[in-house]
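Good morning, colleagues. Please look at the sequence and the structure before I continue.

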Amino acid sequence: MMETLKAVLEGFLKKNPRVGKKLKGFEAVGLWPQLVDREDRSWVEDFTSGVLTVATENPSYCQELSFDKKRIAKVLNDRIGEVSVKDIRVKIGGRSNKKTF
């Protein structure tokens, strides 16, 4: 009997919980435009070791996101279902630096 892809992946993730945790963290990348910035004034540039790096071209919006980063991390983690985003770093950057995940 052949296993489904879902069953194989679930088995793999059970044996490798760190991989599963990283995948959960990358959910935050996809959730950013839905939950945080619907006006597309910022974008995620990186997610490494629980740190979400976000860029914006607008200095005042950068400051606003910086002041609100604990609440934003909580909203993202609540939606993900575990603490994956430990910190959010906000920087000023141009659209040419925008990465696509």
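The side chains of Glu-45 and Lys-91 form a salt bridge, with 2.9 Å from N to O; by salt bridge I mean a side-chain nitrogen of Lys or Arg within 4 Å of a carboxyl oxygen of Asp or Glu. Glu-45 belongs to strand E1 (residues 42–48) and Lys-91 to strand E3 (residues 87–92), so the pair ties together parts that are 46 residues apart in sequence. The structure holds five salt bridges.

A word on sources: this is a predicted model, in which local features need pLDDT of at least 70 and side-chain atom pairs count only at pLDDT 80 or more, while totals for chains, interfaces and linings use all residues. Residues are numbered from 1 along each chain as its sequence is written, and side-chain values use heavy atoms, with hydrogens and water left out.

The protein has four helices and three strands, in the order α-α-β-β-α-α-β along the sequence. These are DSSP runs numbered from the N terminus, helices being H or I of at least four residues and strands E of at least two.

Next, the helix packing. Helix H2 (residues 17–36) and helix H4 (residues 69–80) pack at about 115 degrees, with their axes 9 Å apart; axes are lines fitted to C-alpha atoms, for helices over the stretch in contact, and angles run from 0 to 180 degrees between N-to-C directions. Contact, meaning heavy atoms within 4.5 Å, involves residues including Leu-31 and Trp-32 of H2 and Ile-72 and Leu-76 of H4.

Finally, the C-alpha trace spans about 60 × 25 × 20 Å along the principal axes of the protein. Thank you.
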